Amino acid sequence: MPGITSDKSRKLGGYEFFEKVLGSPKFIVAPMVDQSELAWRKLSRRYGAQVVYTPMINAKMYAEGVRKPYREQNFNTVHGEEGGPEDRPLIVQFCANNADHLLTSAKLLEPYCDAVDINLGCPQDIARRGHYGSYLQDEWDLIYEMINTLHNNLSIPVTAKFRVFPTVEKTVEYAKMLERAGAQMLTCHGRTREQRGHRSGLADWEKIRAVKEAVSVPVVANGNLLFYGDIERCLAATGADAVMSAEGNLYNPAIFMPAPTPPPSEASSSSSSSSSSSSPAALYLTGYHPRNTSLALEYLSIVKSQKTLTTPSAVKGHLFKLLRPALAKYQDLRERLGRIRVERSERDKDGGAAWDRYEEVIRELDTRLEADIEAAKGKSLEELSPIDPVTGFPVLPHWLAQPYIRPLPAEPEAAKPPAESEKSGVEVAVTECTAEDSAVRGSKRAISEERTVAVDESKRPKLTSDGVLAAPQGPEGEPAAAGSAG
């Protein structure tokens, strides 16, 4: 069983770890601040995720243990749910700039996970001020020491998630150093440190391929994943062993699942019409896009069933992302959802009853969507998914979970190459923190982790009575707590 290692006599590494412990995963959910918490990890696994990361944990704060709620809120070991049988395979991610703090924290959580990951990718201003994440890219000796310390002192593997440099050569040199230090798996995010928020642009899959060809440990590709069809394209383009989704997973946790097979009564008409259809939207209808209110209610039921508490900011953030297209239409319900406040004391005392106020709004939204679905009955998903002229992607019916696609920034703003330095080939870029970029502090919107370019062929499914079948995208933002992938 993945995540349960029977051979305790030796530590597995590289592909042996990837295959025997992680189960040769293809679909991985990223570490996301305040968003890849236990309840969301459980939901993601139900919809195809094979390995999930915890949110980034500050190694210094966790090691010191001075602030009791910090340990409890970031990884609760008391109830036995985090890192338990339902939460494996699991990788715990830390941010750090001190090998001793990192080792102390890693030792505390070593029994509850399958690997410890070091965050070398966070591009946020808070990471610059805290001196961690991608802002350690200049300090290769420190990075080497941290990875090597864990490699030599833990009974489980150490892994690393990092961003690329402006040049392929520097990126490859960096990845090789991480492998030499002892990293047993590398996750390569194909964007530079400067590509963030409104300047995210496209991830560079060619650099990920270069990393894959240069190292001998498993490589996970991160970036440009919005639709199910993007997964195979990414694997083919990069040669990576698996893909990692962050923002794509937050807006549609079923991103790793193919579209359901149409019922026999619809199969013949669907297949025949798809072969003759030249609709641009048809290229994107290969994945599963469940009814968003159903996903929201399912997530809430998980939150309420656990002993491990979920922070109100995480719950509200997830609900606004899942329901974004529907709430854009029903603004009164969006405002009601935004006004709900669940205090910690109330959450503890009620044992989950406090979440009922969220459920009440979601059920009312679901009732309204029922009428919209009925009005659209008989139309194909293609007909209901017009192409957005700004983004070039289809906008799905508002009752379906779908990615949030922001227009690409104008060049050269998207990826200005930073100035080279003698130390590592990149200077620290100081940029203002926007609403999209302050997720580490519980901000409003996640950083754009995924963006796509083209896609695959597909079928032409019909809409079912409950409005669920397949497909992508949508408009505006939402006032929610967001996740920042490290």
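Visitor: What is the relative accessibility of Lys304?

Guide: This is a predicted model in which local features need pLDDT of at least 70, side-chain atom pairs count only at pLDDT 80 or more, and totals for chains, interfaces and linings use all residues. A residue is buried under 20% relative accessible area, exposed over 50% and partly exposed in between (1.4 Å probe, protein chains only). Lys304 counts as partly exposed, with a relative accessibility of 28%.

Visitor: Which residue meets the side chain of Lys304 in a salt bridge?

Guide: A salt bridge here is a side-chain nitrogen of Lys or Arg within 4 Å of a carboxyl oxygen of Asp or Glu. For Lys304 the N to O distance is 2.6 Å, and the partner is Asp356. The pair links distant parts of the chain, 52 residues apart: Lys304 sits in helix α13 (residues 292-305), and helix α18 (residues 356-375) holds the partner, Asp356.

Visitor: Good to know! How many salt bridges does the whole structure have?

Guide: Some of them join up: Asp332, Arg336, Glu360, Glu364 and Arg368 are linked in a network. A search of the whole structure brings the number of salt bridges to 26.

Visitor: Are Arg41 and Glu82 buried or exposed?

Guide: Their side chains meet in a salt bridge of 2.8 Å, N to O. This pair too links distant parts of the chain, with Arg41 in helix α2 and Glu82 41 residues away in the loop between α4 and β4. Arg41 has a relative accessible area of 1% and Glu82 one of 6%, so by the 20% cut-off both residues are buried.

Visitor: How far apart are the closest N and O atoms of Arg233 and Asp230?

Guide: Both residues lie in helix α10, three residues apart, about one turn of the helix. An α-helix has 3.6 residues a turn, so residues three or four places apart point the same way. Arg233 is buried at 19% relative accessible area, and Asp230 is buried at 0%. In their salt bridge, the closest N and O atoms are separated by 2.9 Å.

Visitor: Which elements do the buried residues of α10 pack against?

Guide: Helices (H or I, at least four residues) and strands (E, at least two) are DSSP runs, numbered from the N terminus. In α10 (residues 228-238) the buried residues include Ile231, Cys234 and Leu235. A contact means heavy atoms within 4.5 Å. The packing partners of the buried α10 residues are β1, α9 (205-214), β8 (219-222) and β9 (242-245).

Visitor: What is the phi of His131?

Guide: His131 lies in the loop between α6 (125-130) and α7 (140-153), where it is partly exposed at 29%. Its phi is positive although the residue is not a glycine, with a value near 60 degrees.

Visitor: And finally, what share of the chain's residues is buried?

Guide: The chain has 18 helices and 11 strands. Of its 486 residues, the share that counts as buried is 61%.

Key: Residues are numbered from 1 along each chain as its sequence is written. Side-chain values use heavy atoms; hydrogens and water are left out.
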